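Subject: Structure handover

Hello,

Here is the structure I promised to pass on. My notes follow below it.

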Amino acid sequence: MSGMTVRFAQIVGADHLQTGAAIAEDYWHDEELTQPPQAPAYLAKPATAEEVAGLLTAASQHKVAVTARGSGCGLSGAARPVAGGLLISFERMNSVLEIDTVNQVAVVQPGVTLTELAAATEEFGLRYMVYPGELSASVGGNVGTNAGGMRAVKYGVARHNVLGLQAVLPTGEIIRTGGKIAKVSTAYDLTQLIVGSEGTLALATEVVVKLHPRVEHSATVLAPFADFDQVMAAVPAILADGLAPYILEYIDNVTMAGLVHTQHLELGIPDQIRDSCTAYLVVGLEGRTSGRLDEDVERTGGLLAELGAVDAYVLDGGAARKLVQAREKAFWTAKAIGADDIIDTVVPRSAMPNFLTAARDFATAAGGAAAGCGHAGDGNVHLAVFLKDPVKRKRLMDEIFSLAMELGGAISGEHGLGRAKTPYYLKLEDPAKLALMRRIKQSFDPAGILNPGVVFAAD
């Protein structure tokens, strides 16, 4: 055995360290589409923050690259290991440590999945509201990418729902940030700096998340539109009306056809309407009482008609759940029908019509296509890109990302940059901001071991 193998095994135990060919291929990648899998040299499964600290201390001393992994369902390549590196899997750190009903928070380890957290909070009438579309996702993964999802229009992204952390620095120090408190105005907010840093600054070993009371009554309204611009114009009108939807999504007709086919949806929309519309708006509403919810549904239907919807369908519980689940599985649908890449660009809501029209035109001009759906309420555009030629596709992605940034947006709204989108970011971002971020990275990670190739190019 090599010296590093012995050192890592002493920290986590020989039963929880694998090396070389013993590491299963599932650990070599996440769900990003464009990058080939990469086997790490070491796979460690720590059980405590102290074990994580030991691993990072040893890795820093010997300049071994470290990648963290939750459930491996990320879409940007941030959980793809580095050749010769150490992959730290948090699958053994999967306990819900506390449900605090007074402060309405949960304290969990990073390997807890959203399914497990939902089950743990249900009996208390509470729920964690970050649902990025994959319930096997881990809370630690939510922290790493600043995950969002369909409910972000009302409840925000991970950054709005993570109140505190226990985190291990690459130097081996264990720190606590934030806590069971709703606001902090004391020095730098390290919690929010670590959230969304994709495992490049520190590794979270405990997470304090905000919980919300469960709402018993909900309804989903599906509205087809003949004109895509009308869909986008309807979004600010709905939000300005005070309806406070917890889901506000658009789905273009190509993507809806894919969802209907692959997920076997029965939505009750007549063929002539389905064939004539260009996009759909999905409005999810919830209420404390059925009477108040019925009022909001009626108001939504009338408002959608005024805004140009061909019709408005109130889906029954089963159909609504299947549609929402299908929308959450949009990535798998895109993958099944042969998408070559995906993007989750975010732009101001007002810029969405121009951005989407231009992005599709760019794709057509390049000899490909772009179709998708997105979180209309917060400007997060999810596009599946179909273009086999990698050179042309890279040029197309450059054009799309450049336009998004020109319109006041960003390359990623919730997936993160990972190894797949970092090259575009380094090309397009302000050099002064990059220099500042490099200094922050150096302060946290002087040995440069945490997730090289993510946010910054690997040395």
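Which backbone oxygen lies 2.8 Å from a polar atom of the side chain of K441? The backbone oxygen of L450 does. That is a polar contact (a pair of N or O atoms within 3.5 Å; within protein, one must be able to donate a hydrogen and the other to accept it, and residues adjacent in sequence count only if both atoms are side-chain atoms).

Before the rest, a word on the basis. This is a predicted model, where local features need pLDDT of at least 70 and side-chain atom pairs count only at pLDDT 80 or more, while totals for chains, interfaces and linings use all residues. Residues are numbered from 1 along each chain as its sequence is written, and side-chain values use heavy atoms, with hydrogens and water left out.

K441 sits in helix α17 (residues 431–444). Helices (H or I, at least four residues) and strands (E, at least two) are DSSP runs, numbered from the N terminus. K441 is buried, at a relative accessible area of 13%. Buried means under 20% relative accessible area, exposed over 50%, and partly exposed in between (1.4 Å probe, protein chains only). Leaving out residues up to four places away in sequence, K441 touches T200, L201, L450 and F456. Contact here means heavy atoms within 4.5 Å.

V455 is in the segment after α17. V455 is not a glycine, yet its phi is positive, about 70 degrees. V455 counts as buried, at 12% relative accessibility.

**Domains**

The chain is divided into domain 1 (3–89), domain 2 (96–213), domain 3 (215–333) and domain 4 (338–441). These bounds come from an automatic or database domain assignment. The C-alpha centres of domain 1 and domain 3 lie 42 Å apart.

Strand β5 (residues 96–100) pairs with strand β6 (residues 105–108) in the antiparallel sense, over 4 bridges. Two strands pair if DSSP finds at least two bridges between them. D100 has V105 in β6 as its bridge partner. The hairpin of β5 and β6 has 4 residues between the strands, and Q104 takes a positive phi there, near 55 degrees.

β6 also runs antiparallel to β10, joined by 4 bridges. V105 stands opposite K210 in β10. Strand β8 (residues 162–168) is antiparallel to β10 too, with 6 bridges. There, G164 has V208 in β10 as its bridge partner. How many residues of strand β10 (residues 203–210) are buried? The count is 7 of its 8, and the strand is mostly covered.

**Aromatic rings**

A pair of aromatic rings is described by the distance of the centres and the angle of the planes. Rings of Phe, Tyr and Trp (its six-membered ring) pair if their centres lie within 6.5 Å; planes under 30 degrees apart count as stacked, over 60 as edge-to-face and the rest as tilted. By this rule the count is 4 aromatic pairs. Why is the pair of F228 and Y250 edge-to-face? The ring centres are 5.6 Å apart and the planes stand at 85 degrees, so the pair is edge-to-face. F228 lies in helix α8 (residues 228–240) and Y250 in strand β13 (residues 247–252), so the pair ties together parts 22 residues apart in sequence. F228 and Y250 are buried.

F401 and Y424 form an edge-to-face pair, at 5.1 Å centre to centre and 65 degrees between the planes. F401 belongs to helix α15 (residues 390–406) and Y424 to helix α16 (residues 418–428), so this pair ties together parts 23 residues apart in sequence. Both F401 and Y424 are buried.

R360 lies over the face of F228, 4.9 Å from the ring centre. R151 lies over the face of Y131, at 4.1 Å from the ring centre. A charge sits over a ring if NZ of Lys or CZ of Arg is within 6 Å of the ring centre and within 35 degrees of the ring normal.

**Two loop residues**

S138 lies in the loop between β7 (126–127) and α4 (139–145). S138 is buried, with a relative accessible area of 2%. Its side chain reaches the backbone nitrogen of G141 at 3.0 Å.

H264 lies in the loop between α9 (253–263) and α10 (271–276). H264 counts as exposed, at 64% relative accessibility. Its phi is positive, near 55 degrees.

Best wishes
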